[in-house]
Protein chains: 4
Amino acid sequence: MQIAMVGLGRMGANMVRRLLRAGHECHVYDVSADAVAALVAEGARGADSMEALVAGLEAPRSVWLMLPAAITGDTVGQLLSLLDEGDAVVDGGNSSYRDDIDRAELAAVHGIDYVDCGTSGGVWGLDRGYCLMIGGPDRAVTRLEPVFATLAPGVATAPRTPGRTGDPTPAEQGWLHCGPSGAGHFVKMVHNGIEYALMAAYAEGLNVIRNAGVGARPAAADAETAPLREPRYYPYEDIDLAEVAEVWRRGSVVGSWLLDLTAEALHQDPRLDQFAGRVSDSGEGRWTSIAAIEEGVSAPLLTAALYSRFASRGSELFADKVESAQRFEFGGHLEKKS
Amino acid sequence: MQIAMVGLGRMGANMVRRLLRAGHECHVYDVSADAVAALVAEGARGADSMEALVAGLEAPRSVWLMLPAAITGDTVGQLLSLLDEGDAVVDGGNSSYRDDIDRAELAAVHGIDYVDCGTSGGVWGLDRGYCLMIGGPDRAVTRLEPVFATLAPGVATAPRTPGRTGDPTPAEQGWLHCGPSGAGHFVKMVHNGIEYALMAAYAEGLNVIRNAGVGARPAAADAETAPLREPRYYPYEDIDLAEVAEVWRRGSVVGSWLLDLTAEALHQDPRLDQFAGRVSDSGEGRWTSIAAIEEGVSAPLLTAALYSRFASRGSELFADKVESAQRFEFGGHLEKKS
Amino acid sequence: MQIAMVGLGRMGANMVRRLLRAGHECHVYDVSADAVAALVAEGARGADSMEALVAGLEAPRSVWLMLPAAITGDTVGQLLSLLDEGDAVVDGGNSSYRDDIDRAELAAVHGIDYVDCGTSGGVWGLDRGYCLMIGGPDRAVTRLEPVFATLAPGVATAPRTPGRTGDPTPAEQGWLHCGPSGAGHFVKMVHNGIEYALMAAYAEGLNVIRNAGVGARPAAADAETAPLREPRYYPYEDIDLAEVAEVWRRGSVVGSWLLDLTAEALHQDPRLDQFAGRVSDSGEGRWTSIAAIEEGVSAPLLTAALYSRFASRGSELFADKVESAQRFEFGGHLEKKS
Amino acid sequence: MQIAMVGLGRMGANMVRRLLRAGHECHVYDVSADAVAALVAEGARGADSMEALVAGLEAPRSVWLMLPAAITGDTVGQLLSLLDEGDAVVDGGNSSYRDDIDRAELAAVHGIDYVDCGTSGGVWGLDRGYCLMIGGPDRAVTRLEPVFATLAPGVATAPRTPGRTGDPTPAEQGWLHCGPSGAGHFVKMVHNGIEYALMAAYAEGLNVIRNAGVGARPAAADAETAPLREPRYYPYEDIDLAEVAEVWRRGSVVGSWLLDLTAEALHQDPRLDQFAGRVSDSGEGRWTSIAAIEEGVSAPLLTAALYSRFASRGSELFADKVESAQRFEFGGHLEKKS
């Protein structure tokens with residue numbers, strides 16, 4: 001079917017490629033003329049402005065945005081003034097679901113359908129397909145099914161869940177209409193919150209193994225160092241983390257795609273020396289914890305994963321100084337130097 | 001090769017079956033004569049006592065134990081008196097790695113090799129293979145390679161990690177000699193610690209989605225209830241959790257075997273009404289957190305997963321009462337009834 | 001000085017009493033005529049409507065609100081239409097500091113000063129004084145100093161901090177102009193976040209002592225129960241928690257007012273049988289964790305204290321069921337009944 | 001009464017001084033002859049060896065040890081060979097309660113009473129008194145009551161808990177016989193676990209206030225930085241933390257001795273520039289979390305406080321690198337430099 005894509009960065013461009021391969025008619029626009037030209041060379045139809053892009057589409061139009069969250073709002077505003085009743089806007093980026101709720105209300109005033117689509121797949125999606133979590137009005141979601149079906153990985157990419165028979169549901173193909181406006185990004189948000197926790201779970205566990213030789217090293221014996229009661233139980237200085245991650249990939253309960261990636265990273269660089277350990281977060285993890293708090297639901301792991309990212313960037317320094325100051329006040333404890 | 005198995009419960013029996021299928025000569029013993037008979041019918045050689053079992057083996061003997069942790073120690077003691085120098089005992093159960101260290105020292109006095117083998121795979125291992133994490137002396141581990149190779153899933157059960165070429169390492173086949181005595185169960189212990197956290201990550205995330213309709217329900221408006229500032233952002237009462245778990249199985253970053261199982265469970269029983277929510281723990285999660293603490297390594301997610309299991313069984317009741325009592329003392333707050 | 005109080009619940013009425021004792025001229029209003037009459041009997045001047053209250057004051061007027069957060073907004077709106085340029089409104093309740101920021105902007109349009117005042121002290125404040133954390137414009141804060149000074153406990157209620165000499169600062173008297181609008185409730189919000197954590201710290205510690213006899217009780221020996229490796233180290237079945245809380249009150253590092261209250265509660269009811277352990281939260285703890293998240297600052301204890309309150313009210317049940325379902329799927333584990 | 005003190009560091013020497021002031025007959029020994037001489041000059045009776053110390057005492061003897069945990073064990077062993085049936089050893093240091101249980105069994109073989117005494121008070125104890133948490137046999141605890149009563153702060157140092165009448169209990173005087181051997185150090189251990197959490201609660205809260213101006217600073221706008229949705233709610237750049245800590249000291253719910261110390265530290269050095277933020281831990285916090293885990297009791301705050309100390313010393317670096325590596329693998333994310 002005919003679909004327009006605005007935003008031809010890594011994600012957007014690869015999604016266009018996947019759509020072109022399946023025979024969809026893709027109209028594309030980006031502030032970078034080079035990005036447009038590259039996809040035109042692969043079969044897309046280019047536009048040099050939003051106006052031109054919209055003008056080249058047949059009603060009801062479908063315009064998919066793959067933009068940084070910071071500029072999605074303005075672009076939606078511009079689009080609403082260019083589109084007509086019955087058209088649809090899809091936000092496939094990493095917007096907050098709250099913006100979806102607000103923008104969908106505004107779009108509805110114009111009779112335009114606003115669809116939010118959380119998209120997982122990263123740099124791997126072109127070949128692996130994208131997992132799509134969708135919110136918004138039925139009318140537009142139904143019309144866009146061919147696009148969702150193409151972008152999604154397809155049922156064959158995983159064994160069917162035992163007990164599921166008959167025609168595969170959309171979820172089994174890798175896309176899901178989760179609910180009304182914002183529901184797609186809400187589910188994607190929680191997905192990323194879980195992702196943070198899965199990553200941290202492996203990271204913590206590997207760190208425990210990495211330090212399993214602490215009993216074999218000479219220990220400081222001063223009042224500022226907690227003694228290790230039984231050093232004989234911490235003799236493992238040489239456990240090969242890359243091989244541990246690899247062995248867990250087959251037959252174990254902890255197998256996952258993230259583990260596959262972890263094994264690859266450790267195989268390439270067993271000490272991970274190329275990384276400084278400053279872990280960014282891009283918003284969804286924060287919003288997930290905030291949602292848990294506002295719902296009154298406990299989410300200790302999801303929040304711990306988030307906080308460990310904050311701490312990796314030094315946010316705790318002042319709090320740590322407060323504790324050192326308290327220890328100095330009540331016990332005269334001086335900080336150890338290292 | 002010739003191998004003896006002691007303990008023919010679900011795990012032990014299936015491991016014997018997998019070994020028999022590959023042509024190994026399996027001698028078996030269990031306190032249950034029926035369990036022995038069942039495997040004899042499938043080609044194993046039965047024994048009616050530990051003495052008989054040992055007497056039927058050629059030196060150097062290999063005796064694999066798949067027993068509850070509580071009786072492994074006594075059985076090892078008995079075996080050490082029956083075996084000869086050069087023989088090997090393998091503990092494939094869920095022992096603490098500390099017991100391995102202690103028992104291996106004792107076995108070494110007799111010239112017997114003690115091998116610890118953490119085994120993951122559960123009820124699925126017969127067909128899927130077992131992930132084996134092994135500690136102990138090289139001599140025995142080398143001799144037992146054919147057994148490990150048969151029990152392990154094999155390299156074909158997962159795509160090779162990019163960058164790995166040439167002959168697959170044992171880890172790529174699903175078994176790994178992790179280090180000296182106890183190293184196998186240590187790695188398995190951390191594996192289970194990670195497993196607890198992965199499980200809790202999905203559970204927390206799904207719970208956040210499940211409560212996403214809190215804004216659509218009438219809220220209590222009393223001084224004991226925190227108000228929801230913007231109920232309009234929590235309208236999602238009907239997100240289908242089984243479909244959400246299913247859609248994440250394809251193309252997303254959070255795909256895993258545990259997710260596959262979660263999707264299956266939710267498909268069968270979307271509200272999970274058959275469960276009361278009392279989550280047991282079998283020791284490894286505790287030991288992992290204790291190891292983190294003794295190593296001086298932070299493991300907030302692994303420990304949070306453990307604590308949430310404790311709390312699921314009501315361990316916090318008294319602490320909660322203390323807080324209610326404090327609130328009553330300083331503010332005259334009476335507990336809400338529900 | 002002349003001050004009007006709207007809202008004569010426990011907090012508001014006691015604050016009026018403390019102001020009357022110091023000779024201030026208190027005008028009072030409440031929807032309950034009885035509440036008004038009670039304070040008129042103690043020397044206040046009553047009004048039977050907001051209009052009458054405002055009409056009885058001399059400009060520049062000062063109207064202090066001690067109302068449930070849910071109705072403060074409407075009352076402020078009503079007041080803004082009754083007051084004149086140069087008047088001041090003080091919100092002394094538990095509003096979100098975000099509402100202060102919004103309301104102060106609105107009030108400023110009318111030339112009215114909006115002062116937010118976080119108030120700690122609970123049922124004890126009449127005699128003990130109230131700790132006041134204040135935000136808003138200098139003009140009003142300066143004018144209201146006599147009121148703040150009366151409500152605050154006064155410098156004599158605690159030893160001066162070593163190094164502080166000369167005239168006591170307002171903070172040493174128990175009130176502080178923290179910053180612009182919302183700063184008072186922001187500091188009060190964090191104060192309550194800390195309060196939750198202090199309470200939980202004692203609760204957790206007492207719970208650890210309460211269970212210190214676990215080694216003296218017969219343990220279940222099944223695959224669903226983690227074994228206790230060294231029961232001999234958990235023999236303490238009879239430690240008297242009320243006496244423990246009491247002994248910590250003198251000379252220890254953990255002495256505090258909350259500990260005093262805890263000791264009192266345990267002395268009265270050592271098993272706390274009158275409480276069900278459902279711990280409410282009133283918003284500030286949530287907002288503190290949300291602020292930490294939005295600031296990118298890790299606050300694991302503050303959030304853990306909040307989450308333990310959620311969990312005390314059963315919010316984790318579904319998540320726990322997910323974990324039980326996962327365990328059943330991969331290992332065939334059935335839940336233990338109790 | 002007559003009492004011997006071994007170990008004349010800051011704690012031991014001040015305890016001798018407090019005992020001397022009350023008229024007790026103190027015999028002292030330390031490996032440092034200077035330390036002995038200093039106390040002899042203040043009225044103690046010095047000894048130049050353990051043997052001489054013991055020889056100078058009348059039976060039944062009482063020898064109190066205030067030694068680093070690392071050498072207490074050897075000293076106890078030496079003492080047991082010098083003392084007679086009916087004598088008593090008191091370990092007033094920071095030993096693990098598990099060592100107490102083991103040592104008390106050994107001492108009992110010799111008919112010697114082993115008393116464990118957790119001692120809180122730090123550098124302030126000489127004047128403020130020491131909070132004493134005691135375990136061990138009744139015979140010795142009863143005999144040593146005059147010593148405990150002198151070292152403890154005394155009932156007058158805090159208001160009596162409402163509801164307590166008649167003669168003050170020992171706990172009200174600041175000392176408590178908690179239970180059998182180890183119970184004293186067990187209660188002291190949990191006391192310190194609580195202490196860590198109280199400290200961290202204030203530290204986290206102050207850090208949240210310190211970063212409350214994040215909305216007033218220019219934000220990075222890149223894909224690696226989570227956007228702040230509503231910067232207008234984080235305008236507070238100049239809240240004075242020293243004044244905040246001070247105001248909380250009077251009339252608020254969070255008042256405590258630790259808060260007093262925090263206020264003093266912030267008054268002296270508002271930015272705490274003299275501290276690097278490396279927070280040591282001395283064992284008790286670890287043991288408390290381990291006890292919670294072994295008891296099957298959730299203690300999220302106590303453990304979070306411990307983990308934040310580990311993290312303050314860099315223990316998370318490798319785990320953080322793992323997460324950065326994972327993000328690079330699945331999304332091509334490069335780490336931000338700062």
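**Reading a helix, an interface and a buried aspartate**

Modeller: Let us start with burial in a helix: in H14(C), the buried residues are Leu301(C), Leu302(C), Thr303(C), Ala304(C), Ala305(C), Leu306(C), Tyr307(C), Ser308(C), Arg309(C), Phe310(C) and Ser312(C). Buried means under 20% relative accessible area, exposed over 50%, and partly exposed in between (1.4 Å probe, protein chains only). This is a predicted model, in which local features need pLDDT of at least 70 and side-chain atom pairs count only at pLDDT 80 or more, while totals for chains, interfaces and linings use all residues. Residues are numbered from 1 along each chain as its sequence is written, chains are lettered from A and ligands numbered from 1 in the order in which they are written, and side-chain values use heavy atoms, with hydrogens and water left out.

Biologist: How many residues of H14(C) are buried?

Modeller: Of its 13 residues, 11 are buried, so H14(C) is mostly covered. Helices (H or I, at least four residues) are DSSP runs, numbered from the N terminus. The expected span is 1.5 Å times one less than the number of residues; for residues 300–312 of chain C this gives 18 Å, in agreement with end C-alpha atoms 18 Å apart. After the helix comes Gly314(C), with a positive phi near 90°.

Biologist: How is an interface described?

Modeller: Its size is often given as the accessible area lost when the parts come together. Here that loss is taken with a 1.4 Å probe and summed over both parts. Chain A and chain C bury about 1700 Å² between them, 66% of it on carbon and sulfur atoms. In chain A, Ile293(A), Ser298(A) and Tyr307(A) lose the most area to chain C, together 39% of what that side buries.

Biologist: What polar pairing is found across the interface of chain A and chain C?

Modeller: Four residue pairs are in polar contact there, both residues at pLDDT 80 or more. A polar contact is a pair of N or O atoms within 3.5 Å; within protein, one must be able to donate a hydrogen and the other to accept it, and residues adjacent in sequence count only if both atoms are side-chain atoms.

Biologist: Is Asp281(D) buried or exposed?

Modeller: Asp281(D) is buried, with a relative accessible area of 0%. Its place is in the loop between helix H12 (257–268) and helix H13 (284–295) of chain D. Polar contacts join its side chain to those of Arg286(D), at 2.7 Å, and Arg313(D), at 3.1 Å.

Key:
Buried area is the accessible area (1.4 Å probe) that two parts lose on being put together, summed over both. Helices (H or I, at least four residues) and strands (E, at least two) are DSSP runs, numbered from the N terminus.
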